[in-house]
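Colleague: I'm new to this one. Could you take me through it, and tell me what the terms rest on?

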Amino acid sequence: MDRVQAMATFLVVVETGGFASAARRLKVSPSVVTRAVSELEERLGVRLLTRTTRSVRVTEAGMSYAESCRRILVDIEEADNAAAGAHAMPRGQLTVTSSVNFGCMYVSPIARNYLSQFPAVEINCWFVDRMVNLVDEGVDVAIRIGVLPDSSLQAIKVGQVREVLCASPTYLRQRGTPTRPEDLSQHVVIAATGITPTPEWKFRDGSKSATVRLQPRFTTTMNEAAAECAVAGFGITRLPLYQIAQGVKEGSLALLLEDFERPAVPIHVVHREGRRGTPKVRTFIDMAVEALRNDLDLQ
């Protein structure tokens, strides 16, 4: 196996966490993957991976080498694209990440549409509720909600998300409608810990911020469960608007205390490639940016 192919194989082992999983992704036998990594280690004279019967761990030297391999392989791909022309057909594997709920609702449809247009591309979607390191974990594109930390990554703003209070009309007829945040102490509260990890909600009262401590009757780690509970008339919850927009349109949920909402948080499409990005990344970003900017539920 030539050195470039061995580097690419080693990176897949690092990204998938094992020889068998790497072999499945590459559609080769595990022995081919093992031999490629062994040849690299023999040529370099260092241990890149620590193998046990249950797991494969990347050594410190392996982590450093993996990062160098990523840069080299990106440079090679960019050189190929430059030689083939700016309009070369997108091809290869594309890895995209976002939070679980947002990914299921918005990123998955974009990915399906993209795959229908570009049959030579395979997409691997990582929908996880954590901050994925694009460089270290070999991810091409991330859709992130919230204020971004300073970094060398490229970011394109595509919209914003309001966190809103809502309840069903049935509940409000029975219990009344709160007019100020402090009125919530007299209401049944449904807490979605994915949005509110502490038992208090923050509001904006003019130029000041206000905090209301809560005693939720129902607490869940799933936003969908909180929304269903609110629709059923159990109480008041706080969720991203995009998750309950359909219920608001249909009238099964009503928005509350809108004058006291905190500022909306931005949504960005984030990537690690510059102007000479590969065709598969450029075309996916273009499609994602257009689709997300045109979705009224994200404004």
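Colleague: Where does the model come from, and what is counted?

Modeller: It's a predicted model, where local features need pLDDT of at least 70 and side-chain atom pairs count only at pLDDT 80 or more, while totals for chains, interfaces and linings use all residues. Residues are numbered from 1 along each chain as its sequence is written, and side-chain values use heavy atoms, with hydrogens and water left out.

Colleague: Why is H1 called oblique to H2?

Modeller: Under 35 degrees is roughly parallel, over 145 roughly antiparallel, 65 to 115 roughly perpendicular, and the rest oblique. The angle is roughly 120°, so H1 counts as oblique to H2.

Colleague: What makes residues of H1 and H2 "meet"?

Modeller: Contact means heavy atoms within 4.5 Å. On the H1 side, Thr-9, Val-12, Val-13, Glu-15 and Thr-16 take part, and they meet Phe-19, Ser-21, Ala-22, Arg-25 and Leu-26 of H2.

Colleague: How do you know that S9 and S10 pair?

Modeller: Two strands pair if DSSP finds at least two bridges between them. S9 (residues 200–205) and S10 (residues 208–213) have six bridges, in the antiparallel sense, so by that definition they pair. Asp-205 stands opposite Lys-208 in S10. Two residues lie between the strands of this hairpin, and Gly-206 has a positive phi near 70°.

Colleague: What makes S11 and S13 edge strands?

Modeller: The open sheet of five strands runs S11-S8-S12-S7-S13, with mixed pairing. S11 (218–220) and S13 (254–256) each pair on one side only. From one strand to the next, the twist averages 35°. Inside the sheet, S8 (residues 189–192) and S12 (residues 236–240) are parallel over two bridges, with Ile-190 opposite Thr-237 in S12. Helix H7 (residues 223–231) packs on the sheet, touching S8, S11 and S12, and its direction makes about 135° with that of S12.

Colleague: And what does "buried" mean when 43% of the residues count as that?

Modeller: Buried means under 20% relative accessible area, exposed over 50%, partly exposed in between (1.4 Å probe, protein chains only). Of the 299 residues, 43% count as buried.

Methods: Axes are lines fitted to C-alpha atoms, for helices over the stretch in contact, and angles run from 0 to 180 degrees between N-to-C directions. Helices (H or I, at least four residues) and strands (E, at least two) are DSSP runs, numbered from the N terminus.
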